[in-house]
Amino acid sequence: MSHPLTGLSRRSVAKAAAATGLAVLFGAKASGRARAATRLGPRTLDVSVSSAALGRSAPLRLILPSDFDRQTGRTYPVLYLLHGAHDDYTSWTRETDIEAFTEGRDLIVAMPDGGPTGIPTAWRSGPDYETFQLREVSALLAHDYRASGVRAVAGVSTGGYGAMAHAARHPGTFTAAASYSGVLDTTAPGVPAIVAAIVARENLLPASLWGDPVLDFLTWRDFNPRERATELHGTALYVSQGSGVGGGGGDPLPGVLESALWPSAHGFAGTLGLLGIPVTTHFYTGGGHSWAYWKGEFTASWPMLARALGLAE
């Protein structure tokens with residue numbers, strides 16, 4: 001079922017731009033600094049970011065506007081694209097046609113590292129990907145790549161979690177957020193076990209994320225998009241999720257995982273409804289936890305993202 005999106009006015013976009021511009025200004029002391037940039041194509045480059053939040057240099061892939069080198073006095077909105085678990089910052093250019101899709105569009109596409117689990121959060125015992133993506137990367141883009149401060153975010157799987165968690169935990173930072181098969185209620189039945197399995201697969205202790213889901217419930221709640229949903233007022237939202245089961249093709253696991261996250265997505269959308277927060281949803285029968293479905297969902301969400309970024313569809 002699809003719910004119509006309430007469009008953002010130019011005043012709303014301008015207000016968000018001003019707020020995020022100030023955030024970048026006051027966050028400059030904690031910002032990342034580019035150590036090296038490798039050009040991969042006419043518009044695409046990989047930047048190595050020296051990050052205090054991560055305690056290391058981390059990669060960031062960028063797609064620049066076609067006229068970036070010619071329009072030296074112009075600033076551009078930014079679309080953040082977040083990767084999923086057991087993948088990396090190259091996934092969007094590897095699995096989609098995002099480079100060709102954004103050709104001729106006046107925006108910067110930023111694809112930051114989210115770590116091996118793709119959960120871009122402040123780990124209890126480990127790195128702080130939330131600060132890296134929201135403060136260090138944003139400050140770098142403003143300083144070196146003329147980012148305007150108008151930002152939208154979208155992600156797949158654990159990156160879908162990141163998109164909604166970032167928007168909810170930092171109101172006004174993003175004008176829009178889109179989740180494709182994201183983990184949107186981290187404390188829903190069965191979801192803590194899924195999160196633990198994702199972390200353990202990378203040979204990390206599950207408790208190093210947010211602690212124990214029972215003993216450290218307050219921390220889990222603080223990082224849970226559903227619990228922070230009230231902060232999403234004024235943010236354009238898109239949520240898609242398949243019912244899974246037999247929709248993953250020959251391998252049953254993508255369908256099973258999609259099915260396991262189905263109640264979480266519905267619970268998140270239901271909470272938004274109770275709060276009177278508009279959201280465009282696409283809950284479809286079947287489907288698997290894979291790019292075969294996420295590519296089409298990104299295209300479907302693009303008109304919303306474009307409006308939120310102040311771009312023509």
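Q: Which residues form one aromatic cluster?
A: This is a predicted model, in which local features need pLDDT of at least 70, side-chain atom pairs count only at pLDDT 80 or more, and totals for chains, interfaces and linings use all residues. Residues are numbered from 1 along each chain as its sequence is written, and side-chain values use heavy atoms, with hydrogens and water left out. Rings of Phe, Tyr and Trp (its six-membered ring) pair if their centres lie within 6.5 Å; planes under 30 degrees apart are stacked, over 60 edge-to-face, and the rest tilted. One cluster is formed by Trp92, Phe101, Tyr180, Tyr238, Trp291, Trp294, Phe298 and Trp302.

Q: Which residues of α10 are buried?
A: Helices (H or I, at least four residues) and strands (E, at least two) are DSSP runs, numbered from the N terminus. Buried means under 20% relative accessible area, exposed over 50%, and partly exposed in between, with a 1.4 Å probe and protein chains only. On that basis the buried members of α10 are Trp291, Trp294, Glu297, Phe298, Ser301, Trp302, Met304, Leu305, Ala306 and Ala308.

Q: How many Å apart are the end C-alpha atoms of helix α10?
A: The expected span of a helix is 1.5 Å times one less than its number of residues. Helix α10 covers residues 291-308, so its 18 residues should span 26 Å. The model agrees with this, the end C-alpha atoms being separated by 24 Å.

Q: At which residue is α10 kinked?
A: The bend at a residue is the angle between axes fitted to the seven residues ending there and the seven starting there. In α10 a kink of about 45 degrees occurs shortly before proline 303, at tryptophan 302.

Q: Over the face of which residue does arginine 105 lie?
A: A charge sits over a ring if NZ of Lys or CZ of Arg is within 6 Å of the ring centre and within 35 degrees of the ring normal. Arginine 105 is 4.6 Å from the centre of its ring.

Q: What is the angle between the planes of phenylalanine 68 and tyrosine 145?
A: The whole structure holds 16 aromatic pairs. In one of them, phenylalanine 68 and tyrosine 145 are tilted, with centres 6.3 Å apart and planes at 35 degrees. The partners are 77 residues apart, with phenylalanine 68 in the loop between β3 (56-63) and β4 (76-82) and tyrosine 145 in the loop between α4 and β6 (147-156). The angle is 35 degrees.

Q: Is phenylalanine 68 buried or exposed?
A: The charged end of arginine 146 sits over the ring of phenylalanine 68, 4.1 Å from its centre. Phenylalanine 68 has a relative accessible area of 9%, so the residue is buried.

Q: How many residues apart in sequence are tryptophan 210 and phenylalanine 223?
A: Tryptophan 210 and phenylalanine 223 form a stacked pair, at 5.7 Å centre to centre and 15 degrees between the planes. Tryptophan 210 belongs to helix α7 (residues 207-210), while phenylalanine 223 is in the loop between α8 (217-222) and β8 (236-242), so the pair joins parts separated in sequence by 13 residues.

Q: Which residues are in contact with threonine 121, leaving aside its neighbours within four places in sequence?
A: Threonine 121 is in the loop between β5 and α4 and is buried, because its relative accessible area is 1%. Contact means heavy atoms within 4.5 Å. Its contacts are Pro127, Asp128, Tyr129, Glu130, Tyr161, Leu209, Trp210 and Phe223.

Q: What is the relative accessible area of phenylalanine 132?
A: Phenylalanine 132 is found in helix α4 (residues 129-144). Leaving aside neighbours within four places in sequence, phenylalanine 132 contacts Val49, Ser51, Ala53, Leu54, Ala58, Pro59, Pro112, Asp113 and Val137. Phenylalanine 132 counts as buried because its relative accessible area is 0%.

Q: What is the bridge partner of serine 51 in β3?
A: Two strands pair if DSSP finds at least two bridges between them. Strand β2 (residues 44-51) and β3 are antiparallel over eight bridges. They form a hairpin with four residues between them, and glycine 55 in the turn has a positive phi of about 70 degrees. The partner of serine 51 is arginine 56.

Q: What is the bridge partner of leucine 60 in β5?
A: Strand β5 (residues 108-112) pairs with β3 in the antiparallel sense over four bridges. Leucine 60 is bridged to proline 112.

Q: How many residues of α5 are buried?
A: Helix α5 (residues 158-169) reaches 16 Å from its first C-alpha to its last, close to the 16 Å expected. Among its buried residues are Tyr161, Met164, His166 and Arg169. The buried count for α5 is 12 of 12.
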